[in-house]
Each structure stands twice: as C-alpha cells, then as structure tokens.
Amino acid sequence: MQDTWFLHILTETKNNIGEMWPDSSFVPPMIYAMLGSSKHLAIGNVAVPSLLISAMLGKVVNPHENPKLYLQLVFTATFFAGVFQASLGLLRLGFIVDFLSHATILGFMGGAATVVCLQQLKGILGLVHFTPQTDIVSVMCSIFSQMHQWRWESGVLGCCFLFFLLLTRYFSKKKPAFFWMSCMAPLTSVILGSVLVYFTHAEKNGVQVIGHLEKGINPPSYSEVAFSSRYLTSAIKTGIVTGVIALAEGIAVGRSFAILENYDVDGNKEMIAFGLMNIAGSCTSCYLTTGSFSRTAVNFNAGCKTAVSNMVMATAVMITLLLLTPLFYYTPLVVLSSIIISAMLGIIDYNAAVHLWKVDKYDFLVCISSYIGVVFGSVEVGLIVAVAMSLLRILLFVARPKTFVLGKIPNSMTYRSTEQYSAASSVPGVLIIHIDAPIYFANASYLRERISRWIDEEEEKQRISTEIELQYVILDMSAVGNIDTSGISMLEEVKRIADRRYLKVLLANPGGEVMKKLDKSNFIDTIGKEWIYLTVGEAVNACNYILHTCKFQSKRIDSSETPDDNV
C-alpha cells in the first residue's frame with residue numbers, strides 16, 4: 001500500500017519535471033540487505049515521512065511552480081536525514097529516539113493519517129486546484145469552496161474502490177488464512193481501474209489519470225543535492241525531523257517482528273544502515289525510505305527468513321521501471337486516493353487510544369494533544385507539542401518521585417507500602433519511608449519537604465494514640481540508584497531536622513554507588529556506620545532492641561545512643 005503514496009506524489013510533479021520521480025524501492029533495499037540486522041524488515045517509502053516532506057518543503061517551495069528546486073530540496077532533505085541517522089548510530093545516541101513515546105507516535109501517526117485522508121479528497125472529488133495547507137480548516141474550506149467543480153464520476157468510482165478495499169481488509173481480519181486478499185486488493189484495484197478507464201474512456205469525462213511515465217532507471221542525482229540553496233536551512237530541518245520519525249518507525253517495525261521470531265535487532269546498527277541507505281538514495285534519485293510495516297508484514301507472512309527478500313523486491317522494481325511503466329498510463333488518480341485512504345484508516349488505532357485512556361490518562365492526553373496538533377495545526381506543531389509533553393512528564397517523574405510509608409506484613413519479615421497493602425501495619429516508635437527514585441538536585445528539596453511532612457503526620461498520629469512516641473526514622477534507599485551532592489545535602493538537612501526533634505535517622509540498603517558518594521562526602525561518619533543496615537528488617541530489629549530491651553519507651557533517646565554491636 002505504501003507504494004501508492006509514492007505513485008501519488010509522482011503524479012503531482014511528473015508533468016512539470018518531465019521525468020519520473022525516483023522510486024526508492026530499488027537502491028535503498030539493496031544497501032539495507034547488506035547492512036541491516038533485521039531478517040524481515042522490508043524497505044520502502046512510508047506515508048508519514050512522505051507527508052512530512054511534502055508538508056514541510058511545500059511551505060517554502062511550490063512543487064508546481066518550481067519543480068526543479070523542489071526536487072533538489074527533497075534530495076537534500078533525504079541526504080541530511082541519512083547523515084543524521086548514521087551519526088546517531090555511530091555516536092551510540094539511539095536513546096534519543098526513545099523520547100518519542102508510544103503515545104506520541106500513536107497520536108502523531110493518527111493525526112498524520114487523518115491529514116492524508118483529507119488531502120485525498122482532492123482525488124476522490126476530481127478537483128484540479130487544492131490548498132497546500134494541511135490543517136483541517138484550510139482543507140475543508142478549499143473543498144466546500146469548489147463544490148461546483150466536484151466530479152460525480154470520480155466520486156462514485158472512488159467510493160466503490162474504497163468499499164472494495166475496506167471489505168477485503170475486513171474479510172482478511174476475520175479469516176487470517178486469506179491475508180493475501182487484502183495484500184492483493186491495492187494491485188487489483190489499480191488493474192481494474194486502469195482497464196475500466198481504458199475501455200470507457202473515462203479520462204475524457206473528468207476522471208484524471210497518471211498519464212505518460214518515462215521508462216528506465218533514473219540517473220545519479222548527487223549533483224542535485226543543493227548545499228548552496230537559500231532554502232538549505234529548511235531542507236536540513238525537514239531532514240532531521242523526517243529522519244527521526246522514519247528511524248523510530250523503522251526500528252519499531254523491525255523490533256516488533258524480531259520479537260515474534262525470538263531474535264534481537266541492533267538499534268545502533270539499524271541507524272547506520274538507515275543513514276547510509278538514505279545518503280546513497282539521495283545520490284541515486286531516491287527520497288527518504290525506512291522500514292514499511294505493510295511490506296514487512298507481507299514478507300513475514302510469505303515466510304522470508306533473511307534480508308535477501310529486499311534484494312528480490314529491488315530486482316522486481318528494477319524490472320518494472322525498465323519494462324512496465326507504460327501500463328500505468330490509464331491508472332486513475334481516484335483509485336490511488338482510495339488506496340491511500342484505505343491504508344490511512346488502518347493507521348488510526350482507535351482501540352489503542354481507548355486502552356491509553358483506561359491505563360494512563362496522561363499518556364492519553366499526550367496522544368490526543370499530538371493528534372489535535374497535527375490535524376488543526378501542522379505536522380510540526382503536533383510533533384513539538386507531543387514531545388514537549390513527554391519531556392514534561394519525564395521532568396515530573398524526576399522532580400516529584402514517589403515516597404511512601406512501609407509497614408510490616410503479619411507473620412513475615414517483609415515490609416510493604418501501607419497504602420497498597422491494608423494488612424501492613426506500622427512499627428510502634430518507628431517511621432519507615434521508602435524513596436522510589438534517584439536523589440538529584442531536581443528532587444532534593446521536594447524529598448526533604450516530603451520526609452518532614454511524613455514525620456509531622458506520624459508524630460501527630462502517635463501523639464493522639466497510646467502508642468510509643470516516634471523515635472526512629474528509617475530511610476529505605478533500595479530504589480535509590482544514584483545520588484548527587486544536592487541529594488547528600490538533603491540527607492544532612494534531614495538528619496539536622498531529626499536531631500532537633502530528638503529522632504534518630506537510619507539508612508537501609510543504600511546501593512554501592514550511593515555508599516561511595518556518602519563515604520567520600522563524610523556523611524557516613526556524620527550519621528554513624530552503626531546506623532546503616534543491609535535491610536529494612538535489620539534496621540527495625542535494631543530499633544526494637546533499643547526501645548524494648550533498654551526500656552526507653554516513655555522518653556526520647558539521646559542522640560549519642562548506639563545499638564548493641566551484637567545486634
């Protein structure tokens with residue numbers, strides 16, 4: 001299905017350019033077959049990066065008014081996308097792609113699919129002129145302002161083919177053994193549409209067709225990469241944005257199928273392969289390529305075992321370019337629009353959005369924000385909003401880590417959250433606080449305030465009850481993987497607060513990295529080695545020993561007291 005997106009772009013500019021737009025299913029797959037690590041990933045053009053290139057470059061250069069410059073910027077953007085992708089792999093910076101969360105990609109792809117569907121109404125309705133804007137308001141205004149130019153012939157033909165495509169997909173989902181029906185449906189639609197137009201001469205009655213396509217493989221295009229263009233900044237920006245999206249989508253597709261076959265995909269190796277194939281593609285008349293989900297699914301279902309399948313596909317494309325392009329002369333654009341709409345409707349995952357709402361409301365908000373940003377603004381706006389909200393969530397996780405009070409599970413030495421486990425009971429005279437994150441400058445002040453609040457609440461609770469007054473505060477640091485100087489200062493401040501209240505602070509299970517920093521900062525000498533324990537249970541036993549054996553239940557312990565060495 002993704003090839004139809006390329007074919008649709010082809011028809012938008014071929015009359016002005018005078019030559020065939022590059023088919024990126026020839027050179028890049030060959031390169032990936034030699035460098036990639038996925039056994040099933042199929043390389044080609046995909047809808048979302050294609051949309052991004054069209055939307056971002058279309059704002060600075062009109063492809064109809066200046067097709068030569070537009071083509072140069074596409075090659076330039078593809079080149080920089082490849083450079084960026086390869087650089088990420090060489091520098092081992094693949095983690096950057098992880099900032100595009102599942103919710104972000106879900107909303108972004110859904111919004112992009114909606115925008116693509118709206119753009120295809122031009123072909124469905126047989127319109128000649130259409131707005132270059134992608135937001136829903138501009139598109140709908142353009143459609144309804146040209147109602148007098150709607151072609152009913154084109155509309156009927158488009159609706160019929162769209163119904164056929166959706167019907168075959170529905171049947172294939174109901175009967176997985178007939179998956180090939182939905183795979184063959186786009187090609188069948190193109191053949192049927194071409195035959196229908198040929199015998200009915202529908203091109204003379206308002207049904208637009210692709211027309212003449214040049215045969216042969218395009219010449220090298222390295223001279224077309226416009227490093228000196230005044231629009232170079234726009235090309236670089238387009239390349240980086242589309243490169244990240246293509247990288248995230250390609251790696252996600254590859255890993256999804258690798259899981260099914262129980263093998264690993266090397267993320268950094270994939271980045272280098274993607275980068276080099278796009279650099280080579282920009283020099284051989286190809287635009288941005290990545291891993292295509294639909295092609296990969298066909299590969300997987302067909303039983304392919306190695307990346308040689310990409311070589312087979314590339315060979316088939318080469319034969320088509322050399323011999324079969326005249327067969328596309330009578331292919332109606334409305335059929336291509338129907339195929340693209342059908343493919344895009346499959347990308348909009350309603351069930352996944354509902355699942356996000358049920359599981360995590362904030363992820364749902366990120367998804368919807370991304371979708372609304374793309375549909376009502378632009379693809380750049382949607383991407384920026386979604387990434388910004390994802391980064392905000394990361395900051396909130398770091399700056400507001402979870403802390404909770406632990407209690408003892410009856411008839412065991414296990415301590416768990418008193419909020420999560422109703423059976424967990426607090427230990428008289430002892431407050432156990434679990435810190436569930438590394439301690440950094442960003443959360444040190446919050447943790448100090450939170451620990452002080454827990455102490456105030458516990459003292460108030462025990463003052464009202466007849467239990468032993470609070471005398472010990474145990475900080476469970478088993479989840480604290482690291483600590484910086486601000487975190488150490490926070491612990492020193494907590495100790496001073498506890499000393500003023502005649503309380504004793506104990507540390508339970510600090511990690512190796514944390515212990516090294518506490519030792520270098522002399523905090524261990526400040527708190528005393530005898531007040532650091534391997535487990536919460538050992539710390540509680542030491543506190544109980546002093547409370548019950550030494551009989552200090554009715555008064556607060558002196559800050560100089562230490563537990564027996566034999567405990």
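Modeller: Helices are DSSP runs of H or I with at least four residues, strands are DSSP runs of E with at least two, and both are numbered from the N terminus. The model is predicted, so local features need pLDDT of at least 70 and side-chain atom pairs count only at pLDDT 80 or more, while totals for chains, interfaces and linings use all residues. Residues are numbered from 1 along each chain as its sequence is written, and side-chain values use heavy atoms, with hydrogens and water left out.

The protein has 22 helices and eight strands. Of its 567 residues, 52% are buried. Buried means under 20% relative accessible area, exposed means over 50%, and partly exposed lies in between, with a 1.4 Å probe and protein chains only. Contact means heavy atoms within 4.5 Å. Among contacts with a separation of 6 or more, 79% join residues 24 or more positions apart.

Helix 14 covers residues 333–347. Twelve of its 15 residues are buried, so helix 14 is largely enclosed by the rest of the structure. The buried residues run from Leu333, Val334, Val335 and Leu336 through Ser337, Ser338, Ile339, Ile340 and Ile341 to Ser342, Ala343 and Met344. The expected span of a helix is 1.5 Å times one less than its number of residues. For helix 14 that gives 21 Å, and the end C-alpha atoms are 21 Å apart, which agrees.

The C-alpha atoms of Thr114 and Ile341 are 8.8 Å apart, although 227 residues separate the two in sequence. Thr114 has a relative accessibility of 14% and therefore counts as buried. Beyond its neighbours within four places in sequence, Thr114 is in contact with Ile348, Tyr371 and Val375.

Helix 13 (residues 308–324) contains Leu324 as well as Asn310. Asn310 counts as buried because its relative accessibility is 0%. Residues up to four places away aside, Asn310 touches Pro29, Tyr32, Ala33, Leu41, Ala42 and Ile43. Leu324, in contrast, counts as partly exposed because its relative accessibility is 34%. Leu324 and Lys215 are 109 residues apart in sequence, with 7.7 Å between their C-alpha atoms.

Next, the nonpolar interior. A nonpolar core is a set of buried Ala, Val, Leu, Ile, Met, Phe, Trp, Tyr and Cys residues joined through side-chain atoms within 4.5 Å. The largest core has 50 residues, and Ile432, Ile474 and Leu475 have the most contacts inside it. Helix 22 (residues 536–549) gives the largest share of this core, seven residues. Ile474 touches Val430, Leu431, Ile432, Ile433, Leu506, Ala508, Ala539, Val540 and Cys543, when residues up to four places away in sequence are not counted. A second, separate core has 37 residues, including Leu157, Val190, Ile210 and Leu333. Leu333 is also one of the buried residues of helix 14.

Accessible areas come from the Shrake-Rupley method with a 1.4 Å probe, and for residues only the protein chains shown count as cover. A patch is made of residues with over 30% relative accessible area and no salt bridge, where like charges are joined within 9 Å and nonpolar side chains (Val, Leu, Ile, Met, Phe, Trp, Tyr) within 5 Å. A salt bridge is a side-chain nitrogen of Lys or Arg within 4 Å of a carboxyl oxygen of Asp or Glu.

One nonpolar patch, of about 910 Å², is made by Phe171, Phe178, Trp180, Met184, Leu187, Ile191, Val195, Tyr198 and Phe199. Helix 9 (residues 179–200) contributes the largest share of this patch, seven residues. Phe199 lies in helix 9 and counts as exposed because its relative accessibility is 62%. Trp180 lies in helix 9 too, but counts as partly exposed because its relative accessibility is 45%. The C-alpha atoms of Trp180 and Thr168 are 9.4 Å apart, and twelve residues separate the two in sequence.

Two loop residues complete the account. Most residues other than glycine have a negative phi. Asn411, in the loop between strand 3 (403–408) and strand 4 (415–417), has a positive phi near 60°. Asn411 is exposed, with a relative accessible area of 82%. Asn522, in the loop between helix 20 (512–520) and helix 21 (523–527), has a positive phi of about 65°. Asn522 is partly exposed, at 45% relative accessible area.
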